[in-house]
Amino acid sequence: MGLPELLDEIRACRACAGELPHEPRPVVFLRPQVRLLICGQAPGRRVHESGLPFTDASGDRLRQWMGIGAETFYGRPEIGVAAMAFCFPGTNPKGGDYPPPPRCAKLWRAPLLEHLPKVELTLLVGGYAQAWALGDRAKANMTQTVQAWRDYAPDYLPLPHPSWRNTGWLKRNPWFEAEVTPYLRQRVQEILCG
């Protein structure tokens, strides 16, 4: 089975039907040429509705961190998006979205990564992606993991979630935009120009 067939299977997945507050709609955005893989938590409501990853304010901030526009983000086959869970998990009444159901990563993560041999850099967006990809190498929390970003280079770059909910975090941690963002932009340009 090649990547196109695997992506068809992922998009047809209904493993969480009946557990989600809506019909499953797996969102994954990959082509065989992917060299920069973005691994976030799970699609939000807007992405669930659009069927395209990061079509929201979080995507605008992520692209700003990366130093690229939407045309490059969606148009360049070197960039791909595969979250820890492919379906919107629903909104928590206490605020934010529910965490990604672990079932999705167990079903799809390993076979998907096997089909992406050209990946040079994976952006680990948020604590769930960091914990899954880094395992014991992840620090006690997301902030500490992002602070230790040099420990994971050049294969991984841990990032906070670009959600507006993290605006306060960004203000409290100015080192992120001073140190991590320039490195991210440099790597993105190397991948796109290489």
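I looked up L123 first: leaving aside neighbours within four places in sequence, L123 is in contact (heavy atoms within 4.5 Å) with L36, L37, I38, C39, M66, L157, L159 and L184. I note that this is a predicted model, where local features need pLDDT of at least 70, side-chain atom pairs count only at pLDDT 80 or more, and totals for chains, interfaces and linings use all residues. Residues are numbered from 1 along each chain as its sequence is written, and side-chain values use heavy atoms, with hydrogens and water left out.

I then checked the nonpolar cores, meaning sets of buried Ala, Val, Leu, Ile, Met, Phe, Trp, Tyr and Cys residues joined through side-chain atoms within 4.5 Å. The largest has 30 residues, and L123 is one of those with the most contacts inside it. Its largest share, eight residues, comes from α9. A second, separate core of 17 residues includes L6, C13, L30 and A42.

Next I looked at R187, which lies in helix α9 (residues 175–193); helices are DSSP runs of H or I, at least four residues, numbered from the N terminus. R187 is buried at 9% relative accessible area (buried is under 20%, exposed over 50%, partly exposed in between; 1.4 Å probe, protein chains only). Its side chain reaches the backbone oxygen of P154 at 2.8 Å.

Last, I found eight salt bridges in the structure (a side-chain nitrogen of Lys or Arg within 4 Å of a carboxyl oxygen of Asp or Glu). E179 and R150 form one at 3.4 Å, N to O. This pair joins helix α9 to the loop between α7 and β4, 29 residues apart. E179 is partly exposed at 34%, and R150 is exposed at 51%.

Definitions and conventions: Helix = DSSP H or I, 4+ residues; strand = E, 2+ residues; numbered from the N terminus. Polar contact = N/O pair within 3.5 Å; in protein donor to acceptor, adjacent residues only side chain to side chain.
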